[in-house]
Amino acid sequence: MRSYGGAFIQSGVENLIDSTIRTSVYVESKTFIAEKCKRLINNGDVIFLDNSTTAFYIAKEIKDMRLTLVTNSLTITNYLAHQGNIRLIVAGGFLSAKEQAFYGIGAEKAIKEYYVDKAFLSCRSLSIENGCTDSNELWTQVRKTIIERSKERYLVADFSKFNQTSFMHICGFDKINAIVTDKPLGPEWHSALQSFDCGIFDEGRPDSFHDNE
């Protein structure tokens, strides 16, 4: 797939894509998802945003809210550094220059110091059979850690990530409160997510979560 700044191959279980390329693709989808996520966040919440490019779009949407924000993303940290209304906590560790994010034992230990109201995390792929998967174990471990420290967990994923499987398993849908996406999901997804008590927030009913009628 061509994008501003380069090109990438969409498929492949261990296909790693530079964050500078990912930021410039599916912009409308990520903006849509970010707008829906903002409706889930209240002033005074403690939230977590991971180092996904979709999370960066969420950061742009919530920059004027009064929040405590935990993140391992240097990109999000730099973007919100001068927002006096946001109490910013950075989960530091080893820095990935390519990803502009922190990872490793240091980041995981930092995350374990906190509990958050709502975590917004992404992944490389989703499939009914294999759940949420990613291409890189470094980011997989960070996401596994925050899942255990969050009261509510929202998976943010655009339409291109569905019905695929990547290299590393993050979690099953039973660990996710709801999926926020940009296109209506098919009936097979509705049935599967209903069995895991996982909600859907998609283009079908953009104003509220809905179950799988």
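This is a predicted model: local features need pLDDT of at least 70, side-chain atom pairs count only at pLDDT 80 or more; totals for chains, interfaces and linings use all residues.

Guide: Both faces of β4 are covered: L67, L69 and T71 are buried on one side, and T68 and V70 are buried on the other. Buried means under 20% relative accessible area, exposed means over 50%, and partly exposed is in between, using a 1.4 Å probe and protein chains only. In a regular strand the side chains alternate between the two faces of the sheet. Counted as a whole, five of the five residues of β4 are buried.

Residues are numbered from 1 along each chain as its sequence is written, and side-chain values use heavy atoms, with hydrogens and water left out.

Take T68 as the example. T68 belongs to strand β4, residues 67-71; strands are DSSP runs of E with at least two residues, helices are runs of H or I with at least four, and both are numbered from the N terminus. The relative accessible area of T68 is 13%, so this residue is buried. Apart from neighbours within four places in sequence, T68 is in contact (heavy atoms within 4.5 Å) with D45, V46, I47, R87 and I89.

One of these contacts, V46, is also the bridge partner of T68. The strands concerned are β3, residues 46-49, and β4, which run parallel and are joined by four bridges. Two strands pair if DSSP finds at least two bridges between them.

Pairing also builds an open sheet of three strands, in the order β9-β10-β12, where the pairing is antiparallel. β9 and β12 (168-171) are at the edges with a single partner strand each, so one side of each has no neighbour in the sheet. Ignoring direction, neighbouring strands of this sheet are turned by 35° against each other on average. Three bridges connect β9 to β10, residues 131-134, in the antiparallel sense, and S125 stands opposite T133 of β10. Helix α6 packs on this sheet and touches β10 and β12; the direction of α6 makes about 15° with that of β12.

Helix α6 has a helix partner too. Two packed helices are described by the angle between their axes and the distance between the axes. The axes of α5 (residues 105-112) and α6 (residues 137-147) come within 9 Å and cross at roughly 10°. That makes α5 roughly parallel to α6. Axes are lines fitted to C-alpha atoms, for helices over the stretch in contact, and angles run from 0 to 180 degrees between N-to-C directions. Angles under 35 degrees count as roughly parallel, over 145 as roughly antiparallel, 65 to 115 as roughly perpendicular, and the rest as oblique. From α5, the contact uses E108, I111 and K112; from α6, it uses Q141, V142, T145 and I146. By class, these are three nonpolar, two polar and two charged residues. Here Ala, Val, Leu, Ile, Met, Phe, Trp, Tyr, Cys and Pro count as nonpolar, Asp, Glu, Lys and Arg as charged, and the others, Gly among them, as polar.

Burial can be read in helix α7 as well. In α7, residues 187-195, the buried residues are W189, H190, A192 and L193. Their cover includes β9 (125-127), β13 (178-180) and β14 (199-201).

In the loop between α7 and β14 is D197. Its phi is near 55°, a positive value in a residue other than glycine. Most residues other than glycine have a negative phi, and most peptide bonds are trans. D197 is exposed, at 70% relative accessibility. Q100, in the loop between β6 (94-96) and β7 (101-103), also has a positive phi, near 55°, but Q100 is partly exposed, at 29%.

C171 is buried, with a relative accessible area of 5%. For C198, the nearest cysteine sulfur is also that of C132, at 7.8 Å, and C198 is buried at 3%.

Note on methods. A disulfide is a pair of cysteine sulfur atoms within 2.5 Å.
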